[in-house]
Amino acid sequence: MASVNVTSGYNGEVSDVLLSLTKLGNQAVEKGSVYVQAGIQDKLTLPRFNSSADQLQARQEDPNIPSDSFTYDERTLEPLDAMFFDTVNPRNFEDVWRPFQPVGPLVDRIDNPQLQAAIMDETMKTIGAQLGKIIWQGDTAGATAISFFDGFLKILAADGAIAPTPAGVITVGNIISILSATVEAIPDTLYDDPNMIIHMSTADARLYEAASRALDFKGAALGDKGEMRFGGFEIRTFSGMSKNFIVVAKATAGKDSNLWAGVDVAGDESNVKIARYRPESEKFIVKALMKYAVQVGNPTECVLYSPA
């Protein structure tokens, strides 16, 4: 049986536009916080070469004590497989409104072109929204929906991101002090970098707006939507990010970003295939394949606030 739930009733006239619920896509990429490296069929090594600070020493006529100031190490970006798969039987739509009914002879019946376009569009939006969640919350040991690869929150927590003293869950009453502690934790070497961005969930951003409105001295008028900034740093909000977490990182759409994503072929998440299931079948498959993963270049140059 096809996996489309169809409910229809002949109630007056019908719109020629198919409506759908709003889905926010892969916001971390769309808002320019993540550099996406394509063409990774297996793994990509991110080499790092650094020198230690304060390595000057007294002059020696015949120096023989090296400072051992250089280090080389590597991080790995390994995209992992994920798939979207569903089936649609065009005949399930025979009793809906005529503009959306299937077309063609029974033996070769296909979906109405407008409905087929809606299927492709909804599939791409669904994939984008889920990837937008996994990029932050991903955990290969977690629930199925976020288990395809480890997300930024898990990577940063495991690999030494700077951690402000936790103050518990974020509320209207404490969010300003939490943001202050988070900004104060930014290393001096990065404090003046205009690409250091505060990342937080949309839910926490709304708490920040509420806290700002409650201040005695306000910025934007109550009727205006003020620019999301704190301490001079831009705030980017994400519906797929976990509540009660804040990430400050150098975030651009270029290779200088500290937040990376790796894919096999760019755009695979939007490459949706619709084809007949088998030659003798009435059903059609809706399928997309992709490989995706994220990595942090230098976690110790990021700040991660977590509630505990």
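1. A residue is called buried when its relative accessible area is under 20%, exposed when over 50%, and partly exposed in between, with a 1.4 Å probe and protein chains only. The model is predicted, so local features need pLDDT of at least 70 and side-chain atom pairs count only at pLDDT 80 or more, whereas totals for chains, interfaces and linings use all residues. Residues are numbered from 1 along each chain as its sequence is written, and side-chain values use heavy atoms, with hydrogens and water left out.

2. Overall composition. The secondary structure comes to six helices and 12 strands, where helices (H or I, at least four residues) and strands (E, at least two) are DSSP runs numbered from the N terminus. The protein has 308 residues, of which 39% count as buried. Taking contact to mean heavy atoms within 4.5 Å, 75% of the contacts between residues at least 6 apart in sequence join residues at least 24 apart.

3. Strand β9. Ala 261 belongs to strand β9, which covers residues 259-263, and with 0% relative accessibility Ala 261 counts as buried.

4. The loop between α2 and α3. Phe 149 is found in this loop and is buried, at 4% relative accessibility. Phe 149 and Gly 138 are 11 residues apart in sequence, and their C-alpha atoms are 5.6 Å apart in space. Beyond its neighbours within four places in sequence, Phe 149 is in contact with residues including Leu 131, Ile 134, Ile 135 and Asp 139, and also with Tyr 292, Ala 293 and Val 294.

5. Helix α4. In this helix, residues 175-184, the buried residues are Ile 175, Ile 178, Leu 179, Thr 182 and Val 183. Viewed down the axis of α4, these buried residues fall within an arc of 130°, so they line one face of the helix; the arc is that of the directions from the helix axis to the C-beta atoms. As background, an α-helix has 3.6 residues a turn, so residues three or four places apart point the same way.

6. Salt bridges. The count comes to 11 salt bridges, a salt bridge being a side-chain nitrogen of Lys or Arg within 4 Å of a carboxyl oxygen of Asp or Glu. In one of them Asp 139 pairs with Lys 154, with the closest N and O atoms 2.8 Å apart. Asp 139 lies in the loop between α2 (113-137) and α3 (152-158) and Lys 154 in helix α3, so the pair ties together parts that are 15 residues apart in sequence. Both partners are partly exposed, Asp 139 with a relative accessible area of 24% and Lys 154 at 31%.

7. A further pair, at β7 and β8. Which residue meets Lys 243 in a salt bridge? The partner is Asp 204, at 2.9 Å from N to O. Lys 243 lies in the loop between β7 and β8 and Asp 204 in helix α6 (residues 202-213), so the pair ties together parts that are 39 residues apart in sequence. Lys 243 is partly exposed, with a relative accessible area of 36%, while Asp 204 is buried at 0%. Elsewhere, salt bridges that share partners join Arg 91, Glu 94 and Glu 282 into one network.

8. Backbone of Asn 244. Asn 244 sits in the loop between β7 (233-238) and β8 (246-250), and its phi is near 75°, a positive value in a residue other than glycine. Most residues other than glycine have a negative phi. Asn 244 counts as buried, at 14% relative accessibility.

9. A search of the whole structure finds one cavity of 30 Å³ or more, where a cavity is a set of points, on a 1 Å grid over the protein atoms alone, at which a 1.4 Å probe fits but cannot get out, and lining residues have an atom within 4 Å of a point. The largest cavity holds about 40 Å³ of space, a volume being the space filled by probe spheres set on the points, with grid points joined across faces, edges and corners. Its lining includes Asn 89, Arg 91, Leu 106, Arg 276 and Glu 282.

How values were computed: 1 Å grid on protein atoms, 1.4 Å probe; cavity = no way out; pocket = protein on both sides within 12 Å on 5 of 7 lines; lining within 4 Å.
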